[in-house]
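Work through the exercises below with the sequence and the model at hand. Try each task before reading its solution.

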Amino acid sequence: MAFLNHSVSPASLPDHPAADPPAKAQDKLQAAAGLAGLLPGLLLVGALAAVGYALRALPGLGLFSPMILGIVVGMGFANLASLPASAMAGVRFAAKTLLRLAVALLGLQITLAQVASLGFSGFAIAAAALFSTFFVTLWLGDRLGVARSLSALIAAGSSICGASAIAAADAQIHARDEDVAYAVSCVTIFGTLLMFGFPLAMPALGLDATQFGAWSGAAIHEVAQVVGAGVQGGEEALTIAVVIKLCRVLMLAPLLIVMGLMASRFRPEGAATGTKPPLVPAFLIGFVVIMLANSAGVVPVVAHDGLVALTPVLLTLALTALGLGTNFRKLRALGPKPLILGAAATVWISGVSLALALLLF
């Protein structure tokens with residue numbers, strides 16, 4: 001019988017899986033090698049971020065977000081020990097890719113209904129305080145001779161939402177790690193002062209709960225600091241403060257587009273001139289899409305709550321990784337002028353927000 005003499009290869013049998021083409025097999029090997037190369041750095045970043053979380057259990061440190069403590073721990077490790085070469089790839093991945101993912105996920109914390117509930121007054125105070133602070137800080141930074149990349153980070157952190165905004169702005173302008181660390185330090189110091197100072201000033205200024213909430217939400221840097229101050233004014237003050245603060249977070253999107261348009265101005269001195277960054281980066285598109293999905297209520301509750309809980313963890317990992325690239329000597333070399341700039345930005349946003357809270361509420 002002829003068919004008995006016909007040679008049949010195993011790969012031609014119907015139930016036998018076809019072998020991967022050589023190119024596809026090579027791609028898989030490269031992908032696996034790439035993931036393995038990230039592991040040492042990610043494990044190091046994760047361990048240091050865990051230390052940052054653990055430090056919050058110490059007296060007084062619970063006032064600070066894990067993002068702040070994470071970057072401090074990363075800076076300490078980088079300046080007391082040498083970063084292994086095998087960890088470099090994972091650290092870069094955490095500082096860039098995880099950062100962009102975290103910024104996109106911030107959209108889960110905002111809905112269009114929340115913004116609409118503010119009405120004209122709430123939106124006006126948030127927008128006026130934010131954009132005036134950003135551009136005044138840039139202008140004053142030029143007058144003081146502060147590097148434009150550092151001025152931009154301090155402006156973003158002071159006007160929007162502290163360390164998270166600094167991280168998002170860095171993803172757009174690619175500043176030096178020392179600039180990021182210095183800017184985070186500035187907004188942490190001055191935001192903490194506002195958190196304690198605003199409740200003390202409330203009776204002296206004769207503010208009611210609505211005015212105090214609007215002032216706190218429009219001026220204080222970190223979301224956690226806004227909550228810490230707002231709760232001192234009562235439930236109504238806290239609610240208004242948080243919603244206005246979230247409105248400022250929403251404005252992260254248009255502000256980053258502005259920074260994209262001005263990217264060449266913010267490029268650190270000595271940085272290579274490469275491909276111009278996109279006007280609207282992918283992570284910002286993700287932020288808007290996720291915010292719209294959240295507003296439409298199409299995100300399952302379990303997924304929503306899990307991702308909201310994951311977002312600060314990713315931001316902590318990213319900022320810890322940025323801390324690992326910070327050199328204390330270079331940080332000291334920046335001098336006191338950026339600190340003065342951070343103080344001036346804080347005074348400006350506090351004054352503008354107070355005037356608008358008294359006028360509009």
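**Exercise 1. The largest nonpolar core**

Task: State how many residues the largest nonpolar core has, and which of them have the most contacts inside it.

Solution. The model is predicted. Its largest nonpolar core has 105 residues. Those with the most contacts inside this core are Leu 153, Trp 215, Ile 244, Leu 252, Leu 256, Met 259 and Phe 266. Helix 7, residues 177-205, gives the most to the core, with eleven residues. As a general point, nonpolar side chains tend to be buried together in soluble globular proteins.

Next, take one of the listed residues, Met 259. Leaving aside neighbours within four places in sequence, Met 259 is in contact with Phe 134, Ala 152, Ala 169, Gln 172, Ile 173 and Phe 266.

**Exercise 2. Leu 252**

Task: Decide whether Leu 252 is buried or exposed, and find what it touches.

Solution. Step two is accessibility. The relative accessibility of Leu 252 is 1%, and buried means under 20%, so Leu 252 counts as buried. Step three is contacts. Not counting residues up to four places away in sequence, Leu 252 touches Val 103, Leu 106, Ile 160, Ala 165 and Ala 168. For Ala 168, the C-alpha atom is 8.4 Å from that of Leu 252, while the two residues are 84 residues apart along the chain.

**Exercise 3. Helix 8**

Task: Explain why helix 8 is described as largely enclosed by the rest of the structure.

Solution. Helix 8 covers residues 209-219, and nine of its eleven residues are buried, so it is largely enclosed. The buried ones are Gln 211, Phe 212, Gly 213, Ala 214, Trp 215, Ser 216, Gly 217, Ala 218 and Ala 219. Their cover includes helix 4, helix 5, helix 7, helix 9, helix 10 and helix 16. The N-terminal end of helix 8 is capped by Asp 208, with a side-chain oxygen 3.2 Å from the backbone nitrogen of Thr 210.

**Exercise 4. A loop residue and two cysteines**

Task: Locate Thr 111, classify it as buried or exposed, and then do likewise for Cys 161 and Cys 247.

Solution. Thr 111 is in the loop between helix 3 (88-105) and helix 4 (112-144). Its relative accessibility is 18%, so Thr 111 counts as buried. Outside its sequence neighbours up to four places away, Thr 111 touches Asn 294 and Ser 295.

Cys 161 is buried at 4% relative accessibility, and Cys 247 is buried at 0%. The count of disulfides comes to zero.

Technical notes
Residues are numbered from 1 along each chain as its sequence is written. This is a predicted model: local features need pLDDT of at least 70, side-chain atom pairs count only at pLDDT 80 or more; totals for chains, interfaces and linings use all residues. Side-chain values use heavy atoms; hydrogens and water are left out. A nonpolar core is a set of buried Ala, Val, Leu, Ile, Met, Phe, Trp, Tyr and Cys residues joined through side-chain atoms within 4.5 Å. Buried means under 20% relative accessible area, exposed over 50%, partly exposed in between (1.4 Å probe, protein chains only). Helices (H or I, at least four residues) and strands (E, at least two) are DSSP runs, numbered from the N terminus. Contact means heavy atoms within 4.5 Å. A polar contact is a pair of N or O atoms within 3.5 Å; within protein, one must be able to donate a hydrogen and the other to accept it, and residues adjacent in sequence count only if both atoms are side-chain atoms. A disulfide is a pair of cysteine sulfur atoms within 2.5 Å.
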